[in-house]
Every structure is written in structure tokens, then in C-alpha cells.
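The entries follow in the order I made them.

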Amino acid sequence: MLHGKVLVAQGGGPTAVINQSMVGAVLESRKFRNVDLVYGAHHGVRGIVNEDFLDLTQETSHNLEMVAQTPSSGLGSTRDKPDLKYCHEIFEVLKAHGIAYFFYIGGNDSSDTVRIVSEEARKAGYPLRCIHIPKTIDNDLVLNDHTPGFPSAARFVAQAFMGVNLDNAALRGIYLAVVMGRHAGFLTAASALGKKFPEDGPHLIYIPERTFRVDSFLTDVKATYDKYGRCVVALSEGIHDEDGAPIITKLSKATEKDAHGNIQLSGTGALSDLLCEEIKGKLGIKRVRGDTFGYLQRSFIGCVSDVDQREAREVGEKAVQFAMWGDQDGSVTIQRTGFYSVDYKLLPLAAVAGKTRVMEDHFIAESGTDVTDSFRMYLRPLLGSGMPDAFRLRLNSVPRILKK
């Protein structure tokens, strides 16, 4: 075992359970005698280069447990995407502070940061163990069955569409909602778990794994509306045309970009509004409403999967165990065993870093606008216990007397 300090950091978008991973890593690290102190980087890698550290050795176990139950990033996060120069600065700070173990909780970009820092330490001959702890609501980390944060966000999406469907059934019209997911449609597909009866919404689901054509979309909406007298639609923010261009760029002349230079897909609500206008203008249907779930799905405090909480804690704990008892850097991954149980493996950073998983074909219905039973079976255990249910009145109609 290496002797020195531990540093834990959180990166990227917050989730409902990322603090479970942080607390799991902190409390597990404090058990080992070779660990002098446990630090937390304030606002991720930016906090590291600014030497903005919190001494978590002084934090009480009780308060850490309370933070673990609280959504969002307790240490603060960042959208910085470090390049080689940035990662070298990170390494120099780690070396200066005598950090022997570096745990970074995050998604694709975070795993790549850990890989580069690991390589910098190896080139310098500095003893540093670097472990990536998985986190992303997009569920797009390769070689993982699923990633912490996704199940709770999926639970929110499923319940939101369950409620929207009830609303739409009472006051009929067309409703569509844009869900996060630039390249992977897992979270949008979770809307299907809100269905109970065959005529329930969402009636149409559009994900980035399939080409989106506005004309086909309008045809699908009209056919559904004609069949049921209403239509509920779930769309990924990353839907694109046959050339890979985001649909929002096809419908809007003005687009914004985020800190990474990526086109802002849904943060403004523009995609939802533009598609609603397409429906109104070309189908002549007046009652059309659209929403953008935005940040709501990431850290919604009243909608957390207990399965997600448990596994998020365990990946933090396993990261420390792999670091202390193993002899290699890596990324902790979740592997499904049996109908539903999981195991954890440490895979090489290069196998995970910077790669993006998308929904597998067997999860997507042949129509391209729905999911398969395989996906429903895959997702249902992740949503956890206590999922609500919706019921309806039986239509025992009374015969008309005046208007037969």
C-alpha cells in the first residue's frame, strides 16, 4: 500500500446519488492506517489546480451520512475539460500536497482526466494511485451495465410521464417533453416505464440512436392523435437528422453553445417550442403543449432510487478497496449478475476513458419510436422500490335517454 493523503473530487453534472459515492470513498479511506488525511477538491479539477481543498478527515461521520442522502454534488463540480497541460497542473498539485490516492467521480470526460493524470504520474515516477468512480445520468459509460445517477433520473422521467399521461388523458391534446441525452437515449427511453395500459403515453419515443425526420414525426403524431384523440411524446435533446445535425439547428437560426463548444440542445426550451409550432402550423391542432425537463431530472430530491443509492455508495467503497489492495489504476465498473444483482470490476482506464455508450439495438423497437420488453426488463430493477402506480375508472356507461 502507498502511504500518503487521499483526494476525492466530483466532476460534471450533479446527480441524486453522487454524494453517496463521495462519502463511500471518504469513509472507506478513513479506515486505512496508511492514509494520513482525506481531502475533498472544491469544484472538481478546477479546485485542484486552485489548491482549493476541504479537509474531510475533520468531518463527522454523521454529517457525511446526511450529505450522502442529499442530491447534487456536495463538493461542488465543474464543466472544465482538462487537456494535457491542465492535467499536468493537476499532477503537480497532487505531488506538492503528498497525494497518494486520487479518486475522481464523473463520466466520460472525467475518466479521461484520470487516465491522463495517471500517465503523468507514471512518466514522473511518482507513486500515485488513480481511480475513476462512475457517474452519469446519461448512462453512457462503456463496459458498465449502468451507471450511478441514471436509475434515479430514470425514475423521475418515468414518474413524470406517468403523471403527464394522466393529465393528457383528462384534457386531451398533444404533449411533448424534451429529456436530457446528447448521444444516448437511455433516459428518454425510461419514459416507457410510465405506461400501464396499451393506450397510455408516451405514445412516441425519439432517441439519438435513430435518425429524426420532421415529416415522419408529424405523420406519427397525426396517426396517434387520430387513433387515441391525444398524443404524448418523449424526445431526447440530441435527436438529429440523417447527416448527424441536431434538429434544433434545422428548426432554429439562432443556437447557443456550452463551455465545451457543444450546441446547447435543450437548456433554453427552444427545441420543445419549435416542435410544438411545427405541430400547430402543419397539423392544425390547437391544444399542443411542450416542456423541457432540464435540470429537474438530475437532482430531484423527492425521487431517488434506493438501488441507485446503494450502488453509488458501493462504487465509492470499492474504488478505495481496489486502490488499497490492488496494484493498478482503473475505472470501477458495474456488472449485472443474475436477474438482478451486481458485481464490481476495475477495468483499465483506457478501456473506458472518453468513450460513449449508446442504446443497444435490442432495446429499441423496430418502429424506432418505442422500446422493447428487453429494455423494460433491464430498467425496472434499477428504479428501486416504492414505484407509484396509476389506476383508472371502469367505463360502465349508463344508456342515453334523450340523445340515443
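Is Phe186 buried or exposed? I was working with a predicted model, and there I found Phe186 at 0% relative accessibility, so I noted this residue as buried.

Next I looked up the aromatic pairs and found 15 in the structure. Among them, Phe186 pairs with Tyr378 in a tilted arrangement, with 6.4 Å centre to centre and 45° between the planes. I placed Phe186 in helix α7 (residues 186–189) and Tyr378 in helix α13 (residues 373–379), so this pair ties together parts that are 192 residues apart in sequence. Tyr378 has a relative accessible area of 6% and is buried.

I then turned to Tyr206 and Phe217, whose ring centres are 5.5 Å apart with the planes at 75°; I logged the pair as edge-to-face because the angle is over 60 degrees. Tyr206 belongs to strand β7 (residues 204–206) and Phe217 to helix α8 (residues 214–228), so the parts tied together here are 11 residues apart in sequence. I found both Tyr206 and Phe217 buried.

I also listed one aromatic cluster, formed by Phe150, Phe186, Phe363, Phe375 and Tyr378.

For charges over rings, I noted Lys196 over the face of Phe391, 3.6 Å from the ring centre. I noted the charged end of Lys318 over the ring of Phe322, at 5.2 Å from its centre.

My last entry is on Asn108, in helix α5 (residues 108–124). I counted Asn108 as buried because its relative accessibility is 14%. A polar atom of the Asn108 side chain lies 3.4 Å from the backbone oxygen of Asp140.

Notes
Residues numbered from 1 in each chain as written. Predicted model: local features only at pLDDT ≥ 70, side-chain atom pairs only at ≥ 80, totals over all residues. Heavy atoms only, no water. Helix = DSSP H or I, 4+ residues; strand = E, 2+ residues; numbered from the N terminus. Buried < 20%, exposed > 50% of the residue type's maximum accessible area, 1.4 Å probe, protein only. Polar contact = N/O pair within 3.5 Å; in protein donor to acceptor, adjacent residues only side chain to side chain. Phe/Tyr/Trp six-rings, centres within 6.5 Å; stacked < 30°, edge-to-face > 60°. Lys NZ or Arg CZ within 6 Å of the ring centre and 35° of its normal.
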